[in-house]
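The following exercises ask the reader to work through selected features of a structure. Each task is followed by a solution in steps.

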Protein chains: 6
Amino acid sequence: MAFYDLSREELHHFMPEIPEPPDFDQFWYETLKDTRSCPLNPRFTPADFHLTEIESYDVTFAGFMGQEIKGWLLLPASRKKDLACVVQFIGYGGGRGFPTDWLSWAAAGYANLIMDTRGQGSKWRRGDTPDPEMQGSNPHYPGFMTRGILSRETYYYRRLISDAVRAIETARTHDGIDEDRIIVTGISQGGGLAIAAAALDGRVAAAMPDVPFLCHFRRATTITDMSPYKEIAEFCHTHRDREDLVFEVLDYFDNLHFAKRAGMPALFSTSLMDQICPPSTVFAAYNHWKGKKQISTYTFNGHEGGEGYQFLEQLDFLKGLGL
Amino acid sequence: MAFYDLSREELHHFMPEIPEPPDFDQFWYETLKDTRSCPLNPRFTPADFHLTEIESYDVTFAGFMGQEIKGWLLLPASRKKDLACVVQFIGYGGGRGFPTDWLSWAAAGYANLIMDTRGQGSKWRRGDTPDPEMQGSNPHYPGFMTRGILSRETYYYRRLISDAVRAIETARTHDGIDEDRIIVTGISQGGGLAIAAAALDGRVAAAMPDVPFLCHFRRATTITDMSPYKEIAEFCHTHRDREDLVFEVLDYFDNLHFAKRAGMPALFSTSLMDQICPPSTVFAAYNHWKGKKQISTYTFNGHEGGEGYQFLEQLDFLKGLGL
Amino acid sequence: MAFYDLSREELHHFMPEIPEPPDFDQFWYETLKDTRSCPLNPRFTPADFHLTEIESYDVTFAGFMGQEIKGWLLLPASRKKDLACVVQFIGYGGGRGFPTDWLSWAAAGYANLIMDTRGQGSKWRRGDTPDPEMQGSNPHYPGFMTRGILSRETYYYRRLISDAVRAIETARTHDGIDEDRIIVTGISQGGGLAIAAAALDGRVAAAMPDVPFLCHFRRATTITDMSPYKEIAEFCHTHRDREDLVFEVLDYFDNLHFAKRAGMPALFSTSLMDQICPPSTVFAAYNHWKGKKQISTYTFNGHEGGEGYQFLEQLDFLKGLGL
Amino acid sequence: MAFYDLSREELHHFMPEIPEPPDFDQFWYETLKDTRSCPLNPRFTPADFHLTEIESYDVTFAGFMGQEIKGWLLLPASRKKDLACVVQFIGYGGGRGFPTDWLSWAAAGYANLIMDTRGQGSKWRRGDTPDPEMQGSNPHYPGFMTRGILSRETYYYRRLISDAVRAIETARTHDGIDEDRIIVTGISQGGGLAIAAAALDGRVAAAMPDVPFLCHFRRATTITDMSPYKEIAEFCHTHRDREDLVFEVLDYFDNLHFAKRAGMPALFSTSLMDQICPPSTVFAAYNHWKGKKQISTYTFNGHEGGEGYQFLEQLDFLKGLGL
Amino acid sequence: MAFYDLSREELHHFMPEIPEPPDFDQFWYETLKDTRSCPLNPRFTPADFHLTEIESYDVTFAGFMGQEIKGWLLLPASRKKDLACVVQFIGYGGGRGFPTDWLSWAAAGYANLIMDTRGQGSKWRRGDTPDPEMQGSNPHYPGFMTRGILSRETYYYRRLISDAVRAIETARTHDGIDEDRIIVTGISQGGGLAIAAAALDGRVAAAMPDVPFLCHFRRATTITDMSPYKEIAEFCHTHRDREDLVFEVLDYFDNLHFAKRAGMPALFSTSLMDQICPPSTVFAAYNHWKGKKQISTYTFNGHEGGEGYQFLEQLDFLKGLGL
Amino acid sequence: MAFYDLSREELHHFMPEIPEPPDFDQFWYETLKDTRSCPLNPRFTPADFHLTEIESYDVTFAGFMGQEIKGWLLLPASRKKDLACVVQFIGYGGGRGFPTDWLSWAAAGYANLIMDTRGQGSKWRRGDTPDPEMQGSNPHYPGFMTRGILSRETYYYRRLISDAVRAIETARTHDGIDEDRIIVTGISQGGGLAIAAAALDGRVAAAMPDVPFLCHFRRATTITDMSPYKEIAEFCHTHRDREDLVFEVLDYFDNLHFAKRAGMPALFSTSLMDQICPPSTVFAAYNHWKGKKQISTYTFNGHEGGEGYQFLEQLDFLKGLGL
C-alpha cells in the first residue's frame, strides 16, 4: 500500500491530544489492586520439546482477577542465573504455540517469557488460555476488539492489560532472572501491551514495541479499513447510538495515555505503508513517550515491519543499555 | 456463483449418514431438563415505535440455564386472540433490531415472536442479549461457530438451541396466541434453529426453514470457503490436533439428527448457487426430515434465497395447513 | 471504507457552485407541460397479498409523455381518510417488488405510494415498468446513467424525474389521501428523485432524502469508483470526445439546482464512509437546500446509511411537522 | 483460471441437445422477410484517417426493420476489384471505433466490412449506432443480454442478428467485392454473430468464429460467473418466476441450432481456460456444425484466445479454401 | 480509479527536482561509447506474413555491448524511398509479437521499426530477444525493474536504453528511410524509452511518449501500488538496507534528467486516473522537457490512455511538423 | 480454499505416469560431472549475530559450474562433533536472510546448513546469491519458473538442483558433521529440492519434504491458478507454440522421476486445501517414492502446511531413525 497517512515530516511532529478521563490513573490503580489481591501463584513446569540448547518451561500464573494464564519460559541452556528477561506479548489472533516458535531471545542469551493471550490463538498460532467472561457483557463484533466494550469494567483489554502486568511480575519471581533487567516487547497487539504494561509496571528496564497497536483509537478507526481497528468501526456501524460511549470507554485503554507515563528507554518501530497500525498512530504514541526513545522507520514495509532487521536493532539497543 | 455442488438430480437423492452419538437424545433431554428447571419468567412490555397497525412488545424470557434472552412480539392491531404465532430466529451475525424490521407476519395477521440471538447482533442488525460464558471455555476463532467447541457442554449452540426451545414455550404463554398453532421459521442460522427447535419441542405445527444453516458440518466445512462454516475450518487450521474432537462435538448439534426426529410438516427452501449454506447440506437435512415436506429450489440464487417470493410461498403453505 | 472525502468540518460548509444552464427552469417547465398534456389516468386496483392489516393496491398512472408507470399503494387497514401520504422512490437497480416489501409506512399509519422505476428492477428487486426509448438515443454504458446522455431531451433521468412528479400527482388524486400532506422520500436514487420531484412539484409538505444520489455529478464522478456514478466516468472513458457534452447535459439534472429551489422542510441523511454517494455530494445538496433542514450524519456507515435508526428519525421528524 | 470445464477428451465428443422450438425456422424466416421488406440502402462514404495503404469508408445500411446501422469498409489501396471480403462482427461491449482499429484484413489484401453493434460501444471501443427499442419491452439487467428477453419478438439479439445478415448483404452490393467470396468472422459475440449470420445467409463462403458467444445458454449460465452470460443468470436471480420463459425465448437464439444449419467450411477457436465463453459451449456448437470444420484449441489461454496466432491460422485457412 | 494524484491545476505546474548524479552525462557517454564500439550490424530479412499492402522485415542489430536485438521493420507497399520512420518501443512485459500486431504506422505511410525488448515478451505479447546477464548481478524481485539494480553498471535499463539508441541508429541505416525524419514513440515503458533515447540520440525529429513510464521513481514508488513501479518498492521491502543505494542507482535512469536534455518537439499523453504511471510523474517529465511540447490529458482514463484517439492526435502532430 | 483436488481416498492411490526422457539419468550424470569438475571450495566464516547458544557461520561453496553459492551453517553451542546435519532448502521467492531466521534445528542439537537460492530472495526474505545466466537463454515470465525453460541445458532448475547437491557435499566437508547423517528438508520449493537432491546424492540418511513443489508439472499447471506453477501456464499463454517444448524440458526436472530413484526413508507432508502445491501432486511424488515413507496430511490447511506441528513430527521421525 502506497503512502496514505501523514507525510514523514508531519509524523515526526504529530502530537495529537485525545480526551483523558480524569480518573484514568484511579481506574488502573484499582484494577491492578483488585487483581493483585489474588495470589500470583507462578508455576514453571519443564516442557520437553527435544531442544538441547534451550530449556523450556510451561508457565502458569494468575492474571486478571486471579484467572489462570498460560505462557512459556525459555532459558539459554548455557547459563541460568541473573538473566535479563524479555517478556513478550503476542500479536492479535495468535496464541503461544510451541516453545519452538520462540527461540530467538533465548538463543541470544536472554530469558524469554511469552504470555499467552486470553481467548485468542485460533487464527494463526494456537493459544491455550480461555477468557472467562462472567457477565457476557454485550453483543460484540466477531473478534476481541468489542468484547465488553460498553463499559470500562467489562472491556476485554482491561483483562488483557492486567494479565500483561502480572506476566512481568511472574518473570520477576523466577530465580534465574534478574528482576531489575526485565524488558517488554511485542509486535502489533504485543507492542501495544508492551507500552501499557511498561507504564503500569513502571519498573521495567526497557520497552521495545514494534508496529504497536492500541494507539489513538479515534484516529485509527477513521483512517484504515483493516482489522482489528475495523472491528470497532463495524460495531459502531451497527450500534449507531453507541459511538460516543464506545470511544469514552476506549479512552481508558488508549496507549497515548500510557506512553505519557512511561519513563524507561524505548525502541519503537513503524512502517510507512502499514495499513493495520497506521504510522501516525504509532508516532502519536512515540512522540508522547516520556522516557528516552528512538524509532526505526521502514519506508516500503507494511505491518510486517522490520522483521529480522528489527531484531538485530533490538539486540544492539539492549547492548547499548547494558541489558 | 455458478453450480459447484451436486447436480439437481443428485440433490434430490442425497441421504448422507453422519455419526450419531449414542447419547444424542440423552444429551438434549438433560440439557433441556436443566434449562427448564429455571422458571421461564416471560415478560411482554409494550414498546412504542409509532406503529398504528401493529402492536409491539419488548419480550424477555429465561433461556439456557435461566439466562435472560430478549425478543420482540408483534401482534396485528386488528385482532388479538388465538392467533397463530410465527416464532422467528435470526441469521448469523444479526440481532433483533427494532420492531420496524419485522412487520411482515404481523401485517399478514399472525402473531410474530422474534428471538434475539445471544452474543450476536453487531454485524448487521443490533442485538441486545449477552452470551455469558462462565468458563471462557476455549480460545476461539472470531465469531460464534467455535465458541466453546471443545466440549459439547460448553459449545455455543447448546445455549442457543436451548434458547430457541424456550422461545417457543414463551410464545405459548401469551394469551393472545393459540398454543397449538406455533410455526417456527428463520433464514440461514434462523432456519437451522427452526429445525432443531421444532424437533426438540416436538409440538410446533409447522417448520419453515429457509436456506438453513447447521446441516452436515462435516461436508459443509470441506466444500465451501464462506463464513460461517469456514470459521470451523479455520479453527481446525490452527488447532490441527483438535479436528476429531471438534467434529465429535458437532455431531451433537448437526441438524441431520434433528431432521430425522421432526414429524411436523415443513417447507424448506434452498438455492443452487448458495455458497454459504450449500444446497447439498440443505437437501441432506430435507431428505432426512421425518414429516411431510416440500422444498422451494431457486436456480440462480445464492444465500439470499427466495426473498419476497418465498414469503408468499410460506403464506400459501400455512393457508394450506389451515394455520 | 475509511474517511476519504472532506472532513466533517469542511462538509458543513461545502457550498460548491456548478454551471446552471440559463434555461434550466424553462427546460423543466416545458418537459412537465408536455407530460401533463397527457391525461394522468391513475388506477388503483386491489392486490391480494394475504395482508390483514394493510390494504394494497396495484397502481398505474401515466408518467413521462403518458407512458404507463406501475407502483403500489399501501393503506393502513385501520383508517382510510385524509391520510398523510409518503411517496417513495426506489434505489438504483431495484423495482417495486411486492407490497410485502414495503410495510413500514403503512404500519405506522401513513398512506404509502411506491413508484416503480422505469427500466430498472432486475438487479435486486423486480420491476414491472418498461422504459420505452423511441429513438434509441445513443450507445450507452450498461446501466441507466448514460442512457440517452448525449442530449438533455433523450436523457433517461428526464423521463424518470417526470414520472416522479406525476407519482406525487397520482397520490393526490386518491380520495383517502390528504393532498396537502404529501411527503417524498427514498434512499439513494430514491432520495435523489425525492429532491428533484419536491422542487418541481413545489407543494409537497416535506422531503426526506436518504444518502441521496444525483448530486454534483462533476465532483462525484472524479472522487469515487463505485457505480452508479462510475457509469458516467466509464462512458467518458470510451467516448473521450464527449466529456464536455455529457456534463453539459447533466447540468440539467443535478440536484444542486433542484435543492436551491426547494422550499419545504427536509430531513437528509448521509454517511461519512459512503463511497457510492460521497458525503460531500450529499452535503453540497443539503447546504444548498432552500427550506428548513436537518441532516443525520452516520460516522461509521457506508451507503446503507441509518437503516432502522433513520426510519425512527423520520417518524419523529414528521411528528414534529404535524404530518 | 485452471481447467474447470469438461476434459479435453470429453469436449471433442460433447454433443448436447437443447430444446429446439418447432417454429424456429419460421420465426427467422419471417423476421428476415420483414426486415428485408425495408430497402437495404447501403452507403459507402470515404472517410479520411490519413491512411495511405488502405482506403476507408463510413458505411451505413438499413438493419433490422430498416433501422440505420453504421460500419466501416476497408479496402487495400493496391487493388480494388473482386476482392474477397471479410465481414466482421464485434465483441460484447465494443463498437466500431475508428478504421485505424481494423487494419489487419485490408493489409492482407481483403476487403473488410466491420459492422457496428447497435446500442453497444461504450465499454471498450466507441460505437455510433443506437438501438431503438420502441416498446421498452421489459426491465432488464444492465447490459444487453436481457434487453427485451421476455419475448422472442422483442429480444435484443433478434435485432442484432438481423443486422448481421444485412451486413453481409451490404458487402455484396459493393462493386469492388466478389459476392461469392464473403467470409464472416468475429471474436466472442462477434463469433456468435458470425455463426448465426452464416447459417441464416446460407451463402457465405466460410465462417471463422473465435471463442464464440451465444452457444448453449442453458449450460453456460450455470457453469460460469462471468459476464455476459452472467447477466442472464442475474436477471433470473431477480425475476425468479421468469426462468422458464427466459430460456424458452433464448432457444430461438442459441447457436447450437444455427450451427446445425450451417453448411459452409468453418474454422473455430476456443481456449481451455476461457471462463467467459466456456470451451464446452464452443465445442457444443462446433460439434454440431454441419459443414467441414476445424478448431484451434489453446490450452493455457482464456477468453483472449489465440490472438495473433489465430489470425495467422485464419489466413492459412482462407488460402487453403482459395479465398 | 478516481482522482488520487495532484489536481489538474497542480499538475501543470509540477516541476519537482530530484538528485542528479554529477557524472550523469559522463555515465551515458561512456555507456554509449562502449556499445558503439561494437559494429551495429543491421540486418533486414523479408518476413512473409501474407500482407499485401505492407512489407515486413525481420530486423536484427547489435544492441548494448553488441548483444543481438530483434525487431520488425514495416514499410508501406506503395512507396519505399525517403520515408519518415517511426521507431517504436514496447510496453512492459510485452515483446515484438508478429508484424500483424503493428500495422498502423505503415498503413499511414510511415516506415515503422519496432524494437523487441530484451528479456521481456512472455506476459502479453511474445518476445524473441534474450537478456544476457553475465554477472547475474543481484537477486531481484520477479520482473525487470530490479534486475541488477544494485549498481548503475549492471542495471537492466542501462542495457535496454542503450538498445533503444541503437534501434534509432539501425533505422537510419535503411536506404528507404530518411535519416533526418526519425520519430520515436511508445506507450508506457515504450514511452519512457522514447524519452531517454530521444535525449541520448539528440537528433530524432520528434518524440511522442504516451503515458510514459520511468519518470520520477522516488515519487512513483510511494504513490502507487501498481506494478511495475511496485517492483522497486517490493525489492526495498525485503532489502531494507538497500533503499538508499537503489534510488541512487535509479537517479541515473530517471527520465526527468533525460527530458531536460531533449530539445526536439514532443507530444505527450497522460490520463488523470492512471495508477500505473501516475499523472504527476508524467507531468514532471513533461514540464521539464526542453523542446516545444504539447500534452493530451484524458480525464476519465487509466493507463490505456487515449488509444485510437491519441493515434489520430499523433498523425495530426506529425503532419503539423511536416513529418 | 475448500477441497478442490482428488478425494482423500483417491490421493492415497494416485500413481500417475508422466513421460520420462530416455536420457534422464544421463542428463543428470553429466550435469553433475561437469559441476563437480569445479572444486567445491567450501568456506565457513564465523558470523556474529549476538547468539550465545548457537554458533553461526557464513558459508560459501561452488555450486553449478563452480558459481559461488551462499548459505549459513548453524551449530549448537553445547557440542560440535559428529553432528547429524539438516541441510535445508528455501521456499520460492525467499533467500537465506539472517542466521536468526533459522534457529530451530540448531536449538534441537543438529547442525543446520541453509542454502541460499540463486537469484531469489527479494520477495520475502533477502538472498545474497546471484544467478549468472551467461546466454540470457530466452524471454521469461517474471519469476524463475520459466528462466531458460526452452532448453534443458539452460533451465534455471538445472542450476539450482545442482547447487542443492553441492550443498550436501559442502556439509560433508565440515569436520563437526557426521557425513553419514545428513538429512535434507525444506518447505515448498525447499521440499522439491530436497527430493531431487536426495535422489541425486543417493547417500543422505533421510528426506523430509514439506508441501513439496516441482512435482507433476503437467497436472499442476492445469489444476491451480496460483504462482509459481502459474508462471509456466502464463508463459505458454503467450508463447502458444512452445507448449510441447516447455513440458518436454520440464520432464527432466519433475520430482516424480526423482522420487522413483530415492531409496532413503522419507517423511512428507501435504495439506488438503493447498492451492499452491496441490495435494495430488504431492501424493504423486510420495506414492512413487522408492524408500520407506510416511506422510502427514493436514485437512484444513493450505500451503502453510503443519508449521510447528510438523516440526515436532520431524523431530520424532529423526529420533525414530536414530538420527
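A residue counts as buried when its relative accessible area is under 20%. The model examined here is predicted.

**Exercise 1.** Determine how many disulfides the structure holds over all chains, and examine C:C215 and E:C236.

*Solution.* A disulfide is a covalent bond between the sulfur atoms of two cysteines. Over all chains, the structure holds zero disulfides. For C:C215, the closest cysteine sulfur belongs to C:C277 and lies 7.3 Å away, which is too far for a bond. With a relative accessible area of 0%, C:C215 is buried. For E:C236, the nearest cysteine sulfur is that of E:C277, at 18 Å, and E:C236 is in no disulfide. The relative accessibility of E:C236 is 3%, so this residue is also counted as buried.

**Exercise 2.** Describe how helix α7 and helix α8 of chain D are arranged and which residues meet.

*Solution.* Helix α7(D) spans residues 229-238 and helix α8(D) spans residues 243-250. Their axes come within 9 Å and cross at roughly 150°. Angles over 145 degrees count as roughly antiparallel, and the two helices are therefore roughly antiparallel to each other. From α7(D), the residues D:I232, D:F235 and D:C236 meet D:E243, D:V246, D:F247 and D:L250 of α8(D). By class, this contact has six nonpolar residues, one charged residue and no polar ones.

Definitions and conventions
Residues numbered from 1 in each chain as written. Chains lettered and ligands numbered in written order. Predicted model: local features only at pLDDT ≥ 70, side-chain atom pairs only at ≥ 80, totals over all residues. Heavy atoms only, no water. Axes fitted to C-alpha atoms, helices over the stretch in contact; angles between N-to-C directions. Helix = DSSP H or I, 4+ residues; strand = E, 2+ residues; numbered from the N terminus. Parallel < 35°, antiparallel > 145°, perpendicular 65-115°, else oblique. Contact = heavy atoms within 4.5 Å. Nonpolar A, V, L, I, M, F, W, Y, C, P; charged D, E, K, R; others polar. Disulfide = S-S within 2.5 Å. Buried < 20%, exposed > 50% of the residue type's maximum accessible area, 1.4 Å probe, protein only.
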